[in-house]
Amino acid sequence: MDYASTIYKNGTILTMEDRLPTAQAIAVKNGRIAAIGSENEMTRYQGPDTQIIDLKGFTLMPGFYDSHSHFSVVGGTALNAVQLACPPIGNLSSITDVLAALKAKAQASPTCKVLIGWGYDDSLISEKRHLTRHDLDQVSTDIPIVVAHISGHVGYANSKMLEVAQINRDTPDPLGGKIIRDPETGEPTGHLDEHAMYLLPIGGIFDLSGEGEACIKSLEKASEIYAAQGVTTANDGGINKIGTLKAYYEADRRDLLKVRVTVCPFSEILEEAALVERPSDYITLQGIKIVQDGSIQAYTAYMSEPYYTPYQGDHNWCGYPSYSQDALNQTVLDIYRAGQQAVCHCNGDLTLDMFLDALTLAQKTYPRIDDRPIVIHAQTARYDQLVRMKALHATPSFFSLHTYYWGKRHMERFLGPNRGANIDPAGWAKQLDLRFSTHCDTPITPQNPLLSIWAAVNRQSFEGQPVGLHQGVDVLSALKSYTLDAAYQYFEDDAKGSIAKGKLADFVILDHNPLHVDPLEIKDIQVMATIVNDEFIYNLGHLTKTKSPQPTTV
């Protein structure tokens, strides 16, 4: 008899498989699920060396599959940046608070060469404005300072950082970005939109992962953060340096990666990434990333209709795309010619039109039966666009937490009541039988799958305002959006995302069954343990592996 390595029993098991939605016990052998069924049925797999995990009435389900975040940046931000967010993420409320936090960091790190802040939100801070170089100069005129906006699509630099980057009144705006200037003097204010951030030595969020040993430490730190939230497969949705990919493989070699990671290189390093790729049980290179617009909160998402509240007095402002239609077409064609998967960031609906046009051309030029392009965020996707996505076998990965963190402001400031009520339209996707995932886009918002699932079901802002309740989905669909359907998007549903024979033994154990609590209480469910490859990578201490005597047979 080929006995199991581990048997999990005495709890509720949610499989995410329609043919067997629940089970009493599972047997695992060599990191793979060997059998599923009743506790009595699993006794035949119990041998003298089989370990038993008594679930103590808790709920076990497939580990959460993060469909979009920035894993390496999460660790780098946690280790190197000052948290400057307003509630409910942080605790700052004014620019005075922001400057005090930066000063405290500078004083505590006298050898600091660059001061980095993260999470500033101009729409929540009491002054309701962006930072300027003059604000940051109050912290230091000797140390370069850069602060990232909560959207990740805007940055702020002090005078020293602008000097180091050689950004002045004569510096032209880069393609896909803007240097905000004083209307009277023409001098840069320190506010940089989109690709203008990349003019800085430490520019966009992708630079916060560090390099070499610093990057490896970032990956180790991120592993701890994600494991504590029940994530067994994380996502790095866009790496722009081969050094980052090399750091992944080195961290894996040293056993520092506790969770599996799906890494999506940017299209610019597509060929180099293929040369670096090597076999790994913990790293999957899948999906080539494109960023085609910015953020609604930063007024840089590309919309078909003007923003509800004019941007800088411009009543016709619709944002702008990162690349022209011709340039986007060529990028997607290159991805398809290489036989790869296209993964495109589209917040604005006009941006989504551009990507769908590019997909149509690529699929005609390089036809494939199963290409699974992914639309990241799809925040303002219209119903007709979701219909078109299904025809192009594309799927959305919704940032459902927009409704929680920004829903009220979207309805009152950025998009208006009608468009705002339909952000992240999972309800429409469900009506169309279009598979979708949900994500947290960490570090934009903290990695919290249960809060994301809660948001997809309840669609309520943190202030308590309903945000398009008609776009909510049932709890099981929301759970699948962070497990099986997310794994499907990255071609990993054969090994991850559900509890089925032959799949990886990657699980999360919860203190309550999400299907049996009040939907409003889903966000309060606690992760008791996270298991990857049949081993605890996070454990509150209530669960242990114990040897049990071989069952008596008659």
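Guide: Helices (H or I, at least four residues) and strands (E, at least two) are DSSP runs, numbered from the N terminus. By that naming, T6 lies in strand β1, which covers residues 6-9. This is a predicted model, in which local features need pLDDT of at least 70 and side-chain atom pairs count only at pLDDT 80 or more, while totals for chains, interfaces and linings use all residues. Residues are numbered from 1 along each chain as its sequence is written, and side-chain values use heavy atoms, with hydrogens and water left out.

Visitor: Why does T6 count as buried?

Guide: Buried means under 20% relative accessible area, exposed over 50%, and partly exposed in between (1.4 Å probe, protein chains only). T6 has a relative accessibility of 1%, and therefore counts as buried.

Visitor: What makes a polar contact with the side chain of T6?

Guide: A polar contact is a pair of N or O atoms within 3.5 Å; within protein, one must be able to donate a hydrogen and the other to accept it, and residues adjacent in sequence count only if both atoms are side-chain atoms. The side chain of D534 makes such a contact with the side chain of T6, at 2.7 Å. Contact in general means heavy atoms within 4.5 Å, and, leaving aside residues up to four places away in sequence, T6 touches I26, A27, V28, T50, Q51, I53, D534 and K545.

Visitor: Why are α2 and α6 called roughly perpendicular?

Guide: Axes are lines fitted to C-alpha atoms, for helices over the stretch in contact, and angles run from 0 to 180 degrees between N-to-C directions. Angles under 35 degrees count as roughly parallel, over 145 as roughly antiparallel, 65 to 115 as roughly perpendicular and the rest as oblique. The axes of α2 (residues 71-80) and α6 (residues 212-227) cross at roughly 95° and come within 7 Å, and the two helices are therefore roughly perpendicular to each other. Among the residues that make the contact are F71 and L79 of α2 and K217 and Y226 of α6.

Visitor: What makes β9 and β13 edge strands?

Guide: Two strands pair if DSSP finds at least two bridges between them. In the open sheet of six strands, ordered β9-β10-β11-β12-β14-β13 with mixed pairing, β9 (82-83) and β13 (177-181) each pair on one side only. Four bridges join β13 to the antiparallel strand β14 (residues 188-194), and G177 has E194 in β14 as its bridge partner.

Visitor: How do you know that helix α16 is mostly covered?

Guide: Ten of the ten residues of α16 (residues 449-458) are buried, including P449, W454 and N458.
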